[in-house]
Amino acid sequence: MTRSPLLLTLLCLAATTGCRRVRFEDSVFSKKQVSYRIGELPRHWSRVFVEGNDLAFSETDTGRALSINSTCEGHDDPPLPVLTRHLLMGFTDRQEVSQQLIELDGREALRSRHTAKLDGVPVELELVVLKKDGCVFDFTYVAPPGQAEARLADFDALLQGFHAERDS
């Protein structure tokens, strides 16, 4: 075999054996084991890269941020309230404002609103946790106190467009 066919064979082998990278195109995020679509966000949200999140967006000079994360391994299947408490780790002075079960992507999800402090700075949090097909999805919207409602519709649109698929 000459070098070019050998190189092509190795590239094809890598592409079909799990040498997959993280991608986000046309509102679809994909990584090893899972792909999901999110609702489209208005242009005032800019994608930012935050370690530990699949996707994160911020609105310039407002302190508002959205993030989405998925975990398909090593989560031991905890109940939704426990997953919510995991999201609150690192926050202090946590106060639950509301909590309700909602339907998201054909499954039951837990949506909750909290006030808290992060590094001593007060924030409002809107959190949604979902378990689907062996994966855990969490959605977080953070805003300064009194400023969450202004963009809550954007967070709702993101959720309404959510659809997950487990890759085999």
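A contact here means heavy atoms within 4.5 Å. By that criterion, residues 24 or more positions apart account for 50% of the contacts in the protein with a separation of 6 or more. The model is a predicted one, in which local features need pLDDT of at least 70 and side-chain atom pairs count only at pLDDT 80 or more, while totals for chains, interfaces and linings use all residues. Residues are numbered from 1 along each chain as its sequence is written, and side-chain values use heavy atoms, with hydrogens and water left out.

**Overall make-up**

The protein has 3 helices and 11 strands; these are DSSP runs numbered from the N terminus, helices being H or I of at least four residues and strands E of at least two. Their order from the N terminus is α-β-β-β-β-β-β-α-β-β-β-β-α-β. Of the 168 residues, 38% count as buried. Buried means under 20% relative accessible area, exposed over 50% and partly exposed in between, with a 1.4 Å probe and protein chains only.

**Strand E6 and its partners**

Strand E6 (65-71) is mostly covered, with 5 of its 7 residues buried. Strands count as paired if DSSP finds at least two bridges between them.

| Pair | Sense | Bridges | A residue and its partner |
|---|---|---|---|
| E6 and E10 | antiparallel | 7 bridges | Leu66 with Tyr141 in E10 |

The hairpin of E5 and E6 has 5 residues between the strands, and Asp61 takes a positive phi near 60 degrees there.

**The disulfide**

A search of the whole structure finds 1 disulfide, defined as a pair of cysteine sulfur atoms within 2.5 Å. Cys72 and Cys135 form this link, with an S to S distance of 2.0 Å. The pair connects distant parts of the chain, 63 residues apart: Cys72 is in the loop between E6 and H2, and Cys135 is in strand E10. The link is right-handed, with 105 degrees about the S-S bond. Cys72 is buried because its relative accessible area is 12%, and Cys135 is buried because its value is 2%.

**The largest pocket**

E6 and E10 also take part in a pocket lining. On a 1 Å grid over the protein atoms alone, a pocket is an open set of points where a 1.4 Å probe fits, with protein on both sides within 12 Å along at least five of seven lines; lining residues have an atom within 4 Å of a point. The volume is the space filled by probe spheres set on the points, which are joined across faces, edges and corners.

The largest pocket has a volume of about 330 Å³. Of its 20 lining residues, Val50, Asn53, Ser67, Thr140 and Val142 are the closest to the centre. Strand E5 (55-59), strand E6 (65-71), helix H2 (80-87) and strand E10 (135-143) each give two or more residues to the lining. E6 gives the most, with 4 residues. The lining divides into 11 nonpolar, 7 polar and 2 charged residues, where Ala, Val, Leu, Ile, Met, Phe, Trp, Tyr, Cys and Pro count as nonpolar, Asp, Glu, Lys and Arg as charged, and the others, Gly among them, as polar.

**Val22**

Val22 lies in the loop between helix H1 (3-16) and strand E1 (23-25). Val22 counts as exposed because its relative accessibility is 51%. Leaving aside neighbours within four places in sequence, Val22 is in contact with Phe29, Ser30 and Lys31. The C-alpha atoms of Val22 and Asp54, 32 residues apart along the chain, are separated by 8.6 Å.
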